[in-house]
Amino acid sequence: MATKTAGLKRPVDSFHRAQRGSASRWHDLAFPDTWLLVAWFSLIAAGLVAVTSASMPEAADNGQSYYYYLQRQLVFVAVGLMAAYICFSVSIRQWIKLSRSMIVIAGLLLVVIHIPGVGAEVNGSVRWLNLLVVKFQVGELVKLAIVLYVASFLDRNSRGLDRSWSPVIRLLILTAVFAAALLIQPDFGTTAVVTATIFGMMFLGGVNLKRLLIVVSLGIIAMVALLVAAPYRRERLATFMDPWEQKYDSGYQLVQSLIAVGNGRLQGLGLGQSIQKHQFLPEAHTDFIFAIIAEETGLIGCMVIILLFALLVWRIFVTAMIAESVRKRFASLVAYGVGMWIAMQALVNIGVTVGALPTKGLTLPFISYGGSSIVIMMMAMGIVCRIDAESRYLARREGII
């Protein structure tokens, strides 16, 4: 949990002085954590291989080149890397200022997508902004904007978090507003990830534990109520409990996913040898790509992917702890938020694939096909690398590491 800073003056070091009235001083940055970069780029590479294999039958069925989806994914990755570099170039002090603008923009876009012709409806959900060439999923931007704004809010209100209900209530209002906007789309999966991330950041930010337990309890009750309120969610829950009962109807996708996972056994059928990707498993290259990974690489391949996510989240949390040790509270909370966001989304996606959680439309970070997810995730990692570079430099100067 973040240390309390009430009554302490934030030291002004040479790095902070260098930030005044200028961009950044590159020689005042350490090279980002090697293991963080290894885990990140390994997941991207694994994703490109998985997308190539899983998408070929879909591309052929649509009369396109076998490598159609790979080519598009490569463009998304390239754009994402450029966006990550731009985010890395922005100092953490600037991100504090940008956090308010980003939350406003994200909120406005959640409204704009409901304007006919501006928003795009896919599978009954209005989640995408129509940009003519591509469709942008607004919920992905909301996740990043929420992490940045909540970190800024907790930093500004650090003295009152343990003593007053006021900051807690304001965060609850923010959560409720964005949850309602996401549920209108509807997008229950993103709502759950955003809500859980906010609650996790509140805990790490120093909110009074008793108040937080009350808030989390109310949040769980609200989520359960929303889960059983809508008929299609009740149907998904029933299907999750016994997918084989509706194996040709609502349980079809989960059953095919379980078959794919079972086919993989220990070593898998081999790259490119999946059976389920041949029009048996819907969304094989997007939401259910982990099932294809399981079928082609088996338990061994699945464990490699899970361990890469574990390594990535661990190193992000190490970055957060280093930032906290040099009194960069905002940066620390942002890193914690990004780490929890990636961990929860990966956990939910994998849980859905193996039948441990009800079906939700969430991508597997850095691996699933899709431009919105990959670009926003890359931006988040660019910010984390900036946090690591700034914090590691200061920690070395102060002899902490």
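Predicted model: local features only at pLDDT ≥ 70, side-chain atom pairs only at ≥ 80, totals over all residues.
Residues are numbered from 1 along each chain as its sequence is written, and side-chain values use heavy atoms, with hydrogens and water left out.

Let me start with H5, residues 138-156, where helices are DSSP runs of H or I with at least four residues, numbered from the N terminus. H5 packs against H12, residues 329-353, at an angle of about 145°, with the axes 8 Å apart; the axes are lines fitted to C-alpha atoms over the stretch in contact, and angles run from 0 to 180 degrees between N-to-C directions. Of the 19 residues of H5, 18 are buried, that is, under 20% relative accessible area with a 1.4 Å probe, protein chains only.

Turning to the salt bridges, each defined as a side-chain nitrogen of Lys or Arg within 4 Å of a carboxyl oxygen of Asp or Glu, the structure holds 9 of them. One joins Arg-315 to Asp-33, with the closest N and O atoms 2.8 Å apart; this pair links helix H11 to the loop between H1 and H2, across 282 residues of the chain. Arg-315 counts as buried because its relative accessibility is 11%, and Asp-33 is buried too, at 9%. Asp-33 also meets Arg-392 in a salt bridge, at 3.8 Å from N to O, and Arg-392 lies in helix H13. Together with Asp-388, these residues, Asp-33, Arg-315 and Arg-392, are linked in a network of salt bridges.

Terms used
Helix = DSSP H or I, 4+ residues; strand = E, 2+ residues; numbered from the N terminus. Buried < 20%, exposed > 50% of the residue type's maximum accessible area, 1.4 Å probe, protein only.
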